[in-house]
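The following exercises are meant for a reader who meets this structure for the first time. Please look at the model first, and then work through each solution step by step.

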Amino acid sequence: MKDISVPVEKKDHRMKMSGRAEYTADMKLPGMLYSSFVRSEVPHALIKDIKLPELPDGYFSVSGSDIPNNHCACITDEQPVFADKEVMFVGEAILLICGPDEKTVKKLCAETEVIYEELPAVVSLDEATEVALGYEYHKGDTETAFNNADKVISETFRTGYQEQAYIETQSAVGVWDKDKGKAILYGSMQCPYYVHSALMHSFELDESHVRVVQEVTGGGFGGKEDFPSLLGCQAVAAARKSGHPVRIILNRREDMSVTTKRHPAILKYDAALDKEGHITGLRADIRMDSGAYPGLTSVVMQRTLLAALGVYKIDNLDVKGRAMTTNLVNNGAYRGFGAPQAFFAIETLMNHIADKLGVSPLSYRQMHFVKQGDETGTGGKFWHHVPIPEMIEKAEEMSDYSRKYAEYARPQSGRYRKGIGMSIFFHGCGFTGSAEKDFIKSKLTLHKYADDRVEILASNTDMGQGLKTTFSKIAAKVLDIPYEQIIIENPDTDRVPNSGPTVASRSLMIDGKLIERAAERLKAIWEPGKEQEIMEQYKEDRECVPWDIEKFHGDAYPTFSWGLNVVELQEDTLTGNTDLLGVWGVYDVGHVIDERIMEGQAQGGILQGIGYGSMEHMEAFKGRIRQNSFTDYMIPTAMDTVNNGIAFIDNLYKDGPFGAKGAGELTLVGAAPAYEAAVEQASGRHFMEIPLTPERILLAE
Amino acid sequence: MVKAHYPESLNEALTIKAEKKDQSLLVMGGSDVMVVHKTAPDVIYLNSIAGLKYVEQTEEYLRIGAGCTYAELIDDELVPGILRDTMREIASPAIRNVGTVVGNICNASPAGDTLPVLYAMDAVVVAAGMDDNGKKIERRIPIDKFILGVRKIDLRENEIVSAVEIPRSSYEGMTKLSHTKVGARKAEAIAKLSFAGICKVENGKIADIRIAFGSVGITVLRQRDIEEMIAGTPVSELEGKKADILARYAEVLHPISDQRSTEGYRKKVCLNLLEDFLNNICE
């Protein structure tokens with residue numbers, strides 16, 4: 001029988017390629033109203049008054065006072081669904097005006113006057129003083145390590161915003177079933193049960209009186225993890241008040257201005273070195289811009305801190321992180337979820353130390369790699385094989401890294417200068433900490449119909465990453481039935497159990513395993529022609545050091561996926577622009593469930609990572625996102641890269657289906673430091689900040 | 001209500017334009033008009049006029065009809081190589097299939113991709129109009145007089161730009177023609193800055209030199225006084241004069257910082273590209 005990784009036609013392929021896929025914007029419900037927001041124009045102010053124009057019949061203005069509990073639940077619930085007394089950032093929603101004609105709705109919003117009493121505003125991370133939240137952990141005796149150090153190297157790194165740039169903007173349609181007192185929400189989202197919880201919380205409903213349906217979703221990358229909960233509450237509030245279905249679709253500039261982004265960060269590192277250059281102690285002090293409301297920031301910050309020491313064994317550690325409150329747009333989830341900031345810093349630090357010691361970056365790394373059985377920074381353990389040596393061997397074979405590194409290290413002349421950079425990184429698989437066991441407790445169902453077709457009932461969403469296909473492949477393979485015989489629809493909370501959110505590279509590994517187990521059980525009782533059902537629930541029975549969030553101690557992840565990137569480029573010394581000459585990625589994702597999907601994940605993830613490291617420049621200027629269109633916010637195109645060389649190393653994980661581990665985020669995490677390293681070699685300079693734009697390369701900011 | 005007009009000849013278009021005047025909007029490829037959602041009571045679509053799609057040569061000029069798209073011109077060997085190279089870097093294939101050089105001129109964006117090269121070549125804009133007797137008349141305006149500012153052009157309310165003329169002497173016989181667009185990525189990017197340099201070295205001397213910068217001011221920057229100062233310099237003496245030339249351009253280049261780049265970068269790269277052009281003038 002063929003290996004599961006042999007590619008198949010994606011479940012959603014024909015529907016999407018033929019243009020038949022219907023997105024939220026295609027929905028037309030009887031009596032549906034259009035809507036538009038009145039949003040804050042200032043970063044921080046009290047709302048003194050709101051002067052509404054006279055609303056024609058059939059038009060409604062919706063505010064926080066229309067919601068039983070005007071708080072949006074997402075880990076915490078500080079953020080109001082609509083700002084009522086105080087606005088905390090530019091673009092915060094104050095009102096939603098809805099009605100039958102879209103142009104009129106927009107006109108009414110433009111005519112609405114909000115009277116503000118402006119308050120002092122914190123519009124950059126540098127000036128922020130209010131700590132939203134923080135964590136720290138310590139290991140060994142850092143003070144002694146630094147006291148006895150032969151040399152101490154201190155560097156401060158900075159990383160910027162990154163916008164998810166999903167092709168479909170945020171959108172939702174809210175419906176209020178007056179007879180049943182039930183909220184119904186259709187929309188573009190990653191986590192139907194997050195939206196479900198938020199609606200229960202804001203409208204004070206029990207779980208049977210909320211229904212959330214995911215529509216075809218045109219990309220998420222983390223951007224549709226938490227924000228749809230807010231949009232969903234706003235849409236339902238409008239539907240409840242007007243008695244009509246209400247549609248909200250953000251336009252691109254609005255979406256880029258008001259939705260969550262990757263947290264900008266300042267990462268200060270001190271490394272204590274012994275005579276041989278070995279790192280004996282490391283201090284990391286990380287500050288992140290939480291935005292006005294923390295949302296997912298606590299979990300993002302945890303992942304940053306857990307990645308702060310990279311793939312290295314360092315015995316003495318002080319790692320500290322604080323998220324700072326600003327009067328800027330909220331930051332949240334973006335593929336990698338806090339790890340890209342840390343890996344950029346630690347990988348660049350390793351390059352800089354190696355350079356200062358006069359050794360090659362790879363040989364310097366080789367002095368420090370973790371291996372199976374080593375303790376993690378937080379007293380957990382690397383329980384499984386760490387395939388770094390094989391990955392380096394593969395990367396050398398594909399990219400000729402070491403020979404090129406030596407060649408480009410010689411003095412170069414002329415307009416164009418070459419460089420090559422490498423990064424090595426991991427991604428902790430699944431939710432950080434003990435959330436799988438304590439909060440998510442994933443459940444899913446396989447339902448076999450009388451015609452022997454089997455439906456997967458799970459709340460995980462396909463946002464383009466291929467989950468419908470990979471889930472179906474697992475079920476089909478175990479049941480030994482044709483892939484076409486598996487049904488998987490977009491989740492509807494009235495039909496599917498809560499198998500958790502589609503985040504953290506968890507779905508395939510955690511819920512895919514539940515599908516594997518459920519399918520094994522179904523196979524054992526399979527009776528042709530009979531309707532049968534199996535429910536499977538997450539259970540944890542592996543050996544581990546229990547995670548303790550208070551002490552920030554233990555195994556934060558069941559296992560790790562591993563990655564290595566090499567980027568080769570030439571820099572134009574006149575313009576600071578670069579041409580990529582080669583891009584390589586070697587990954588351990590356990591076992592690949594579909595080669596074509598995984599290749600796509602790798603190609604896309606690397607390019608997003610290179611964009612993060614090079615051109616995706618976004619800044620808040622006087623509290624306002626300045627690059628809020630695809631004209632001004634640059635994401636790389638196919639013209640900006642080359643045909644990437646991608647390879648996978650098998651390293652089977654017994655708690656993942658067919659040995660698979662988390663894969664989706666890993667591919668983005670290490671590209672920026674590899675890009676930066678290549679630019680540093682080409683230019684002969686050290687840099688501390690991404691995106692490393694041509695302006696920064698030429699020191700002409 | 002918007003009325004759409006599809007004239008089949010320039011005369012027909014001019015008749016409509018003479019009647020509708022500033023109540024009408026001229027659309028050729030539409031690539032600039034569409035993104036700003038611009039409209040007017042009467043929209044005159046010029047892309048159905050076959051007579052505006054031509055490239056022809058007179059003894060003195062190369063004349064490019066207003067209907068020629070970038071894609072068509074990129075493939076036309078009569079068009080100077082430097083202009084074709086410039087057009088290859090514009091946006092994406094979809095835009096190049098509809099966008100036109102004349103449209104690029106009339107849009108009068110400080111970042112118009114073809115403008116530095118056209119300024120360096122002393123291009124002349126041909127504005128067609130109709131007199132009171134219904135007779136077609138033409139005004140010929142140098143490009144640097146035609147473009148007045150950001151989105152401002154010297155086009156009267158009864159006129160339509162029918163062509164652009166490029167003096168053949170501005171490229172034929174020139175010994176170095178160089179153009180660089182500096183964008184944030186390799187496609188679909190608005191120029192952070194751009195540079196065009198054209199020169200003729202004859203008998204060891206710089207007989208003619210033209211230097212233009214885009215995206216560094218409200219219109220393309222070309223300093224004829226500095227060019228005249230350089231002209232006549234023996235190539236062997238250029239190295240000694242270089243610092244002075246760069247200093248003079250440094251004085252007149254006043255780019256701004258905005259969401260796409262910084263003042264410092266724009267200025268530095270303009271001077272880098274100019275210096276590189278001067279260093280390699282004999283190549």
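**Exercise 1. Describe the unit that S10(A), helix H4 and S11(A) make, and how the two strands pair.**

Strand S10(A), helix H4 (residues 192-203) of chain A and strand S11(A) together make a right-handed β-α-β unit, where right-handed means that, with the strands pointing away from the viewer, the path from the first strand over the helix to the second runs clockwise. Helices (H or I, at least four residues) and strands (E, at least two) are DSSP runs, numbered from the N terminus. As a next step, take the pairing: S10 (residues 182-187) of chain A and S11(A) pair in the parallel sense over 5 bridges, and two strands count as paired if DSSP finds at least two bridges between them. Within this pairing, A:Leu185 has A:Val212 of S11(A) as its bridge partner.

The model is predicted; local features need pLDDT of at least 70, side-chain atom pairs count only at pLDDT 80 or more, and totals for chains, interfaces and linings use all residues. Residues are numbered from 1 along each chain as its sequence is written, while chains are lettered from A and ligands numbered from 1 in the order in which they are written.

**Exercise 2. Determine whether the residues of S11(A) are buried or exposed.**

A residue is buried if 20 or more other C-beta atoms lie within 10 Å of its own, exposed if 12 or fewer, and partly exposed in between, with C-beta atoms placed from the backbone. A:Val210, A:Val212 and A:Gln214 point one way from S11(A), whereas A:Arg211 and A:Val213 point the other way, and all are buried. Because 5 of the 5 residues of S11 (residues 210-214) of chain A are buried, the strand is largely enclosed by the rest of the structure.

**Exercise 3. State how many residues each chain gives to the contact between chain B and chain A.**

Chain B gives 18 residues and chain A gives 18 residues, two residues being in contact if their C-beta atoms, placed from the backbone, lie within 7 Å. On the side of chain B that touches chain A, helix H11 (residues 263-279) of chain B gives the most, with 7 residues.
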